[in-house]
Amino acid sequence: MAKRNSVLEIEDLSVSYGPVRALTHINLEVNEGEIVALIGANGAGKSTLLEAVLGINDINSGTIRFLGKDITKRPTDWIVASGICLVPEGRGILSLMTVLENLQLGAYHLKANFGERLTRVYDRFGVLRERSKQMAGTLSGGEQQMLSIAAGLMSAPKLMMFDEPSLGLAPVLVAEVFKIIVNLNREGYTILLAEQNARKALGIAHRGYVFETGNVVLSGSAQQLAGDPRVREAFLGGSMK
Amino acid sequence: MEIFLAQWINGISLGSIYALLVIGFNLMSIVAGVTHFAYPHVVVLSMYVIWYVLGATGDNAPIAILAGIGSGVAISLATEPIFRPLTARRAWIASFIATLGLSMIITDAMAHGMHAGRVIPFPTSFVGTVPVYQLGVATLFRGQLMTFIGCISVMVGFFYLLYRTQTGRAFRSMAENPFVARLRGIPIARTSRNSYVIAGLLGGMSSVFLSMALRYASPALGNFLALKVVTIALLAGLGNLRGGLIAALIIGMVESMVTGYVPGEWAGAVVFGAMLIAIMARPAGVFSQEAQSSG
């Protein structure tokens, strides 16, 4: 495969929560058109990394470049406007607002072609069109996850980050969400996916990084990682829940 | 019947002013994260501004009204740097204490520095004591009518902003879930500052209506209003904008009826007593729903 343009480059990134080191000297790259999976146990630093990219966490050292531009010290609203969105863990929706209002806020910085983007999102998630006037909190778990993804799409992202998209969803819905991610990728969206379910994540990803207590301990193509004895033992073993 | 009608008119006009104050107070609480005890004190300060400008311009009402509203916005924005560092690190109690401090400073400044602390009466040409409608002892004055129409218009405008504009949606998203609001790319600092502007605007307009309806202001008025506003907001559920509006109208009405029918100065005791009972029955607020975001 030819070398593709880098979308996200993270160099030597360290993040602390007070005295607690959450990420230590992370190097990571996401190229155009890829799905990159971050796997590792709960608390290994995957979410911290995604939030650091979006400027939510204070960064101790290191640089984050997006499409060649240094975004390390930029505020979150600037980063979102420049084309990165995060579909967060749990329900990334505003449950006291309507479905339509959630989508309108997803396009906060983008006023042009709002109707066009809304139509595309509604065509993709028909159920959201039906429920556009309903309070988002009244949607089912799966529908809420779709709304969360749809709100991200409304910001016309060049990089979509997903944090544990399968968490708390029934197996049928997990498969559905992963299918949506694959389809988005086929349409050209570049994706960074943090997921505890390593089997699922490596099943759809091109490359992956394995996180352990704030460090990247292993990286490589998804096939390499899925075949690696350490990964198999820690995350893919039959004895795992 | 005539007394009832008279008190009903009073109650509506009083309640609609309470409602404006409570809405501004709640807006600060949910968007800026400040439980702003001194919010009504700032409004009273604007009443003094109106009074001074009236005196200086030979009772020029339009200029005085603009000065009152402008001062509301200016003072509100001037307090933002005080509260910002506290709310940024989520020091809710510290920011509340800061507003208490501000309320004392404003009260003292009014008591010692302005008109020697005496009650300031507003000129009759401004308050509009022209009867518009009369039935026995029940008189609807022009000032009351303007207050009522004015408050309703301001509230309609505010709820339009809140529910039909992107700024309003940004306010509500920050009120419900600041983290998700941030993920959506909402500029937190600017939206918070906007809430100071809108709350200042509401406060400034309240000062105009209060001047017309009460026809006086005094250094003690700030504390009196602040107790009412905070209690009404708690009664409805802190941060509940629609609930606060309804509770304010009810309290204004009850207060007015008690004043009309119960001899002696019992309005305060009855109103606050009723509120205590309501809070005991529904601690999260009478109008709170299960997932209502609170303080």
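Student: Is B:Cys151 buried or exposed?
Tutor: This is a predicted model, and in it B:Cys151 counts as buried, because its relative accessibility is 0%.

Student: And what about A:Cys85, buried or exposed?
Tutor: A:Cys85 has a relative accessibility of 3%, so it counts as buried too.

Student: Switching to charges, how many salt bridges does the structure hold?
Tutor: Over all chains there are 13 salt bridges. In general, side chains of opposite charge can pair when their charged atoms come close.

Student: Which residue does A:Arg65 pair with?
Tutor: A:Arg65 forms a salt bridge with A:Glu9, and the closest N and O atoms of the pair are 3.7 Å apart. A:Arg65 sits in strand E4 (residues 59-66) of chain A while A:Glu9 sits in strand E1 (residues 6-17) of that chain, so the pair ties together parts that are 56 residues apart in sequence.

Student: How accessible are A:Arg65 and A:Glu9?
Tutor: A:Arg65 is partly exposed, with a relative accessible area of 22%, and A:Glu9, at 25% relative accessibility, also counts as partly exposed. These two residues belong to a network of salt bridges that links A:Glu9, A:Glu11 and A:Arg65.

Student: What about A:Arg230 and A:Asp228, how do their side chains meet?
Tutor: The side chains of A:Arg230 and A:Asp228 meet in a salt bridge, with 3.3 Å from N to O. A:Arg230 counts as exposed at 54% relative accessibility, whereas A:Asp228 is buried, with a relative accessible area of 15%.

Student: Got one from chain B, say for B:Arg84: which side chain does it meet in a salt bridge?
Tutor: B:Arg84 meets the side chain of B:Glu80 in a salt bridge, at 3.2 Å from N to O. Both residues lie in helix H3 (residues 61-88) of chain B, where they are four residues apart, about one turn of the helix. B:Arg84 counts as partly exposed at 44% relative accessibility, but B:Glu80 is buried, with a relative accessible area of 6%.

Student: What else is in helix H3 of chain B?
Tutor: B:Thr87 is found there, and it is buried, with a relative accessible area of 15%. Not counting residues up to four places away in sequence, B:Thr87 touches B:Ala32, B:Gly33, B:Val34 and B:Trp92.

Student: Where is B:Val34 found?
Tutor: B:Val34 is in the loop between H1 and helix H2 (39-56) of chain B, and it is buried, with a relative accessible area of 0%. Leaving aside neighbours within four places in sequence, its contacts include B:Met28, B:Phe83, B:Thr87 and B:Tyr196. The C-alpha atoms of B:Val34 and B:Leu86 are separated by 9.0 Å, although these residues are 52 residues apart along the chain.

Student: New topic: why is H6(A) described as largely enclosed by the rest of the structure?
Tutor: Of the 13 residues of H6(A), 12 are buried, so the rest of the structure largely encloses this helix. Among the buried residues are A:Gly142, A:Glu143, A:Met146 and A:Leu153.

Student: What do those buried residues pack against?
Tutor: The buried residues of H6(A) pack against several elements of chain A, including strand E6 (84-87), helix H4 (114-124), strand E7 (159-163) and helix H7 (171-186).

Student: And how does the span of helix H6 of chain A work out?
Tutor: Helix H6 of chain A covers residues 141-153, and at 1.5 Å a residue its 13 residues should span 18 Å; the end C-alpha atoms are 19 Å apart, which agrees.

Student: Where is B:Ile3 placed?
Tutor: B:Ile3 is in helix H1 of chain B, and it is partly exposed, with a relative accessible area of 41%.

How values were computed
Residues are numbered from 1 along each chain as its sequence is written. Chains are lettered from A and ligands numbered from 1 in the order in which they are written. This is a predicted model: local features need pLDDT of at least 70, side-chain atom pairs count only at pLDDT 80 or more; totals for chains, interfaces and linings use all residues. Side-chain values use heavy atoms; hydrogens and water are left out. Helices (H or I, at least four residues) and strands (E, at least two) are DSSP runs, numbered from the N terminus. Buried means under 20% relative accessible area, exposed over 50%, partly exposed in between (1.4 Å probe, protein chains only). The expected span of a helix is 1.5 Å times one less than its number of residues. Contact means heavy atoms within 4.5 Å. A salt bridge is a side-chain nitrogen of Lys or Arg within 4 Å of a carboxyl oxygen of Asp or Glu.
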